[in-house]
Amino acid sequence: PFGAAARLLQGERLQLPKSGSAAGDFEAACQALTMSVHPAVLSALQAAESGVVDIRGGKICDAGALSALLVALASNASLFALRFWQCALSSGGINLLSQALPESVTSISIGAEDDGVALSPLLKLPKLTTASLRCCAVATQEALAIEASLSTNPCLISLSLFSCGLGDEGAVPLLRSLRHNSTLTFLGLASNRLSDASARAVLEAVAPESTTNEAGKSGGEAGDKEDNGAPNRALTALDLSFNLIGGPGRRTLEEATAASPALERLELAGNPCLRAGPTASLSSAARKAIAATWEALGEQQRDEETDGVASNGQLAVAAMLCERVLAGTEVRGVGGADGEAASLAEATRRRIGALVALLPAPEELCAPLAELGSMAASRGFPLSQIEAAGEVLLEALSEVLGGEFSEEAAAAWREAYASAQQEIVAKYTPGQRSEFQFAAAAAPAAAASAAGDGED
């Protein structure tokens, strides 16, 4: 029946006079086809706003209703977007759309279709610029068909495959095919159970050919210079939210964004890589800002040594941090002699440097921060001072670097310290935390009492 409907639409039998509205044209087409008017479609056409027809739960499983809808769309060029949700279109309905969709329709969205429905024919439409295939169970074979369509589509600029059950088996070939695509600017693959293997496929899509050849060889496949295509430079946004990408996958994706400056937006919300350890939620830009700040302190040291001045920017920051945080505290195992203070500052400098170096791998920060927390807890270091140390560190960085310490860098350091602080404080026992909280609450009253005694 859908094949007959396609031939009917391409003929002259349904070339009906315009009624002045899409809903009226739909009713006229239904009458010409001697069929009942589909209420969900009629309602959607009557409510169409800004050129969008939104049909929800219509169960358009017959060729007649879909044919009449296509007639209404063809007669009303202002309707350019078509959305279906839980409409049970079937593969036959998708094929009919792909053969008879008017050129005025440049955006189509299909959601919650049954398993086994072939969606790939839609991506062959020459005028289609935006396609959203959401919550449709896409088998691996259908994913390969989508990949083939994507490689040859000349106009598609946005494709969403949200929650289509692709897995790496379906997503990896699709991502690699981007080397043969020069038009797609947005690809949405959120909630598809993708792992670090898909992250590697992103890198292969945008990296220079030598990188992809090495990746192919490491996977047991020889690089193929003739078929690899050029690195993709069209994609500007990639949504990989709510997948299974870990820390290594995130680092691979950061390599991809470095390889392709065009890829400006990368969404990773809801992935394990953002929960892998302290500072895991830091953006790539924030981590780079922290590393650049610490490096600038090291460069300051080299510059000053060439002038004959024995000064060290990193050590200066560490010394300020130790002096100001330890002031007024009695911490077991920390002395106040000059030699001991210098030794403590040097140890602090090395510890900060080691933590900064581990920022790209937050899962590796857990152990050194836990060790630092255990050390502080065992020596009775006040929690209030741990909380204050973050601002003291920022003050020291600002004093040493001056105008070189930007607001963006300060925000990055503040966020990183807040995350690290949670890991450190977690090593204190509940009793210790309660004791310090009680002491902090009682401090204002004690200070007021002492001031009163002094006046007396």
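## Two packed helices

A crossing of two helices is left-handed if the near helix is turned anticlockwise from the far one by less than a right angle, and right-handed if clockwise. In this predicted model, helices α12 and α15 cross in the right-handed sense. Helix α12 covers residues 313-326 and helix α15 covers residues 383-401.

Two packed helices are described by the angle between their axes and the distance between the axes. For α12 and α15 the angle is about 145 degrees, and the axes lie 9 Å apart. On the α12 side, the contact is made by Gly313, Ala316, Val317, Met320, Leu321, Arg324 and Val325. On the α15 side, the residues taking part include Gln385, Ala389, Val392, Leu393 and Glu395.

## The chain as a whole

The chain has 456 residues, and 46% of them are buried. Its secondary structure consists of 17 helices and eight strands. Among contacts with a separation of 6 or more, 75% are between residues 24 or more positions apart.

Strand β3 runs over residues 107-111, and five of its five residues are buried. Both faces are covered: Ser107, Ser109 and Gly111 lie on one side, while Ile108 and Ile110 lie on the other.

Strand β2, residues 81-85, runs parallel to β3 and is joined to β3 by five bridges. One of the residues involved is Phe84, whose bridge partner in β3 is Ile110. Between β2 and β3 the chain passes through helix α5, residues 90-100, and this β-α-β crossover is right-handed.

Strand β3 also pairs with strand β4, residues 130-134, again in the parallel sense and over five bridges. Here Gly111 stands opposite Arg134 of β4.

## Nonpolar cores

Which residues have the most contacts inside the largest nonpolar core? They are Leu45, Leu69, Leu82, Phe84, Leu97 and Ile110, in a core of 77 residues. Helix α4, residues 63-74, gives the most to this core, with eight residues. Phe84 and Ile110, which are bridge partners, are both on the list of residues with the most contacts in the core.

Leu69 shows what such contacts look like in detail. Leaving aside neighbours within four places in sequence, Leu69 is in contact with Phe26, Val41, Leu45, Ile55, Leu82 and Phe84.

Terms used: Residues are numbered from 1 along each chain as its sequence is written. This is a predicted model: local features need pLDDT of at least 70, side-chain atom pairs count only at pLDDT 80 or more; totals for chains, interfaces and linings use all residues. Side-chain values use heavy atoms; hydrogens and water are left out. Buried means under 20% relative accessible area, exposed over 50%, partly exposed in between (1.4 Å probe, protein chains only). Helices (H or I, at least four residues) and strands (E, at least two) are DSSP runs, numbered from the N terminus. Two strands pair if DSSP finds at least two bridges between them. A crossover is right-handed if, with the strands pointing away from the viewer, the path from the first strand over the helix to the second runs clockwise. A nonpolar core is a set of buried Ala, Val, Leu, Ile, Met, Phe, Trp, Tyr and Cys residues joined through side-chain atoms within 4.5 Å. Contact means heavy atoms within 4.5 Å. Axes are lines fitted to C-alpha atoms, for helices over the stretch in contact, and angles run from 0 to 180 degrees between N-to-C directions.
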